[in-house]
Amino acid sequence: MDMESPAARARALTKTYGLAGAEVHALRGVDLDIRRGEFTAIMGPSGSGKSTLMHLLAGLDAPTTGEVWLGPLEIGRMPDAQLTLVRRRRVGFVFQSFNLVPTLDVRGNLLLPFELDGRRPDVKEQAFIDELVASLGLGDRLGHRPHELSGGQQQRVAIARALATRPEVVFADEPTGNLDSRTGRDVLTLLRDAVDRHGQTIVMVTHDPVAASHADRVVVLGDGRVVADRPRSTAEEISSFMLSLEVAP
């Protein structure tokens, strides 16, 4: 893998919804590189296009114009069947609502990406899963179903499932949104650790300056465009900057 090439990138990316005369321009010519082995936070006010951008980068939606690349693959115009395989094998997802399968126990949820790919983990993959389980404190929860877990434990399972296949990029959509502040900090520490210990690439959409302060980089969207691309900052610096955008003429 070429560590110098972006893990994902957008070029002149646009997304328009609605019919002629009533269009909503969610993205307006976005250019962005997601660097490998970094934790990138995407922020912006409601309607800025941050969730749309994440969905396009992850292959969950198709652009109106422009290009979307995941590693060496241009996925913006990829056929659905091929795109499904790419998402399954190259992308991990962590959602605000956890999205665990309620009828499966923790072990079953962790192995689900492999089951969907029609295979079992190999020896190295199983060793990595075991390491994740231990590091996330899930060893005594493997036989529990989601309803038997706390919100924080469910999100830990979701993170472990997203990381299990060593995907090219993990996309996290407001991963602390349904958690109390202390549990949210624990989850953010786990995401930070995935970058620092395992070299994972993570893209997180968030509205929370505290969450964004865990990232290496903060990309800010406004009205469908990138309006700032900041290095790692404190929660106070991020809050101040976001407020300045709101009050700017």
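Colleague: Why does Arg 89 count as partly exposed?

Modeller: This is a predicted model. Arg 89 has a relative accessibility of 49%. Exposed means over 50% and buried means under 20%, so Arg 89 falls in between.

Colleague: What makes Asp 117 and Arg 89 a salt bridge?

Modeller: Their side chains meet at 2.9 Å, N to O. The cut-off is within 4 Å, so the pair qualifies. Asp 117 sits in the loop between helix H3 (106–116) and helix H4 (123–135), while Arg 89 lies in helix H2. The two are 28 residues apart.

Colleague: Why is Asp 117 called buried?

Modeller: Its relative accessible area is 18%. Buried means under 20%, so Asp 117 is buried.

Colleague: Which residues join Arg 89 and Asp 117 in one network?

Modeller: Arg 119 and Glu 125, through salt bridges that share partners.

Colleague: How do you know that Glu 168 forms a salt bridge with Arg 36?

Modeller: The closest N and O atoms are 3.2 Å apart. That is within 4 Å, so the pair counts. The partners are 132 residues apart in the chain.

Colleague: Are Glu 168 and Arg 36 buried or exposed?

Modeller: Glu 168 has a relative accessible area of 11%. Arg 36 has 12%. Each value is under 20%, so Glu 168 and Arg 36 are buried.

Colleague: What makes Asp 223 and Arg 28 a salt bridge?

Modeller: The N to O distance is 3.7 Å. The limit is 4 Å, so the pair passes. Asp 223 is partly exposed at 47%, and Arg 28 is partly exposed at 31%.

Colleague: How many salt bridges are there by this rule?

Modeller: The count comes to 16.

Notes. Residues are numbered from 1 along each chain as its sequence is written. This is a predicted model: local features need pLDDT of at least 70, side-chain atom pairs count only at pLDDT 80 or more; totals for chains, interfaces and linings use all residues. Side-chain values use heavy atoms; hydrogens and water are left out. Buried means under 20% relative accessible area, exposed over 50%, partly exposed in between (1.4 Å probe, protein chains only). Helices (H or I, at least four residues) and strands (E, at least two) are DSSP runs, numbered from the N terminus.
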